Amino acid sequence: MEFQPPRALGVIVGGAFAAWAFVAALLAGAVAFGAPAEFKTFVAWTVCAAAAGLGLLFANWAYGVFALSYVIDRDALTIRWGFRRIVVPIAAIQRMVPGRTLDSASVKGLNWWGCHVGAADVKRLGFTLFFSTHSTPDELLYLVTTGEAYALTVLDQAAFAEEIQSRAALAPVEEYSHRSAATGLAAMPFWRDRVSMLALGIAALACAALGGYVFARYPDLPNVVELSFPELGGIVRVGNKGELLRMAYLGAGILGFNAAAGVVLHARERAAGLWLMAASGLLQGVLFGAAVLAYSRA
């Protein structure tokens, strides 16, 4: 049996935040597109990228609220939150406590109107994981298990408790343990690999440094500059200063391609995916060195 909490308010608020971020990204992109190459243009592109990323984040969270449900099967309760599934064995549930009987707790995590997902220290229960959309404590139902406690939004608490108790009275058919599993894109191992995320983060910072330097220096350069590539055997050539902008765009393109390919490849071969992400950072360094030398010799 599936129980769904009220989700409209949480989806609307989360969707509004996502829409606001996407609008900000569009406005920043409109300002940057076709603008002269200068540091202000780079800042606009940076704001565009950051706002788009924030919009995707809020859109993901809004989807999590939309998908939130509690499914009671033969031997387990499954909490569905976005692309994540939290499995709680029925046999591990010790008691259920109505929210109106406990003091309110401050949730650390996602916390806005209609969305309360995170953790809190609840008096008399201790550490509690919240997967809730409650507006008042009366809508909360706490499940105390042999592991963590869980806070859920259940409007028909009598029916929910009856369903849990009827399943608990039956002999278990399959053994379950407390576990949390991701599905879809969220299940890719990259999200659990801190080294790979660090490598990609460093590459992104190096790309931002390259773009910021090129855009900041570009207006002061003469029309013709000397382009040097010290990491590629000391290759030197003379070209239009517009080629420096191509270097910045090339760096961004390399970062985007290597990031996408690296995440996909990481799922099959971690070392190969990590190498792609690290190589992206190294290439940003090569391009940055060439840009610095080109400006110093202009």
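This is a predicted model: local features need pLDDT of at least 70, side-chain atom pairs count only at pLDDT 80 or more; totals for chains, interfaces and linings use all residues.
At what angle do helix 2 and helix 4 pack, and how far apart are their axes? I looked this up first: the angle is about 150 degrees, and the axes of helix 2 (residues 39-67) and helix 4 are 7 Å apart. The axes are lines fitted to C-alpha atoms, for helices over the stretch in contact, and angles run from 0 to 180 degrees between N-to-C directions.

Residues are numbered from 1 along each chain as its sequence is written, and side-chain values use heavy atoms, with hydrogens and water left out.

**Helix 2 on helix 4**

I then listed who touches whom (contact means heavy atoms within 4.5 Å). Helix 2 brings F39, T41 and F42, while helix 4 brings A208, G211, G212, F215 and A216. I sorted these contact residues into five nonpolar, three polar and no charged. For the sorting, Ala, Val, Leu, Ile, Met, Phe, Trp, Tyr, Cys and Pro are nonpolar, Asp, Glu, Lys and Arg are charged, and the others, Gly among them, are polar.

**Helix 4 on helix 6**

Next I followed helix 4 (residues 194-217) to helix 6 (residues 270-296): their axes come within 9 Å and cross at roughly 20 degrees. That is why I wrote down helix 4 and helix 6 as roughly parallel to each other. Among the residues that meet here are A199, A203 and Y213 of helix 4, and L274, G281 and F288 of helix 6. My tally for this contact is 18 nonpolar, four polar and two charged.

**Strand 10**

Helices and strands here are DSSP runs, numbered from the N terminus (helices are H or I, at least four residues; strands are E, at least two). Is strand 10 (residues 149-153) buried or exposed? Five of its five residues are buried, so strand 10 is largely enclosed by the rest of the structure (buried means under 20% relative accessible area, exposed over 50%, partly exposed in between, with a 1.4 Å probe and protein chains only). I saw A149, A151 and T153 pointing one way, and Y150 and L152 the other.

I checked its partners too (two strands pair if DSSP finds at least two bridges between them). Strand 8 (residues 126-132) pairs with strand 10 in the parallel sense over four bridges, and F131 has L152 as its bridge partner. Strand 9 (residues 140-145) pairs with strand 10 in the antiparallel sense over five bridges, with L143 opposite Y150.

Methods. Angles under 35 degrees count as roughly parallel, over 145 as roughly antiparallel, 65 to 115 as roughly perpendicular and the rest as oblique.
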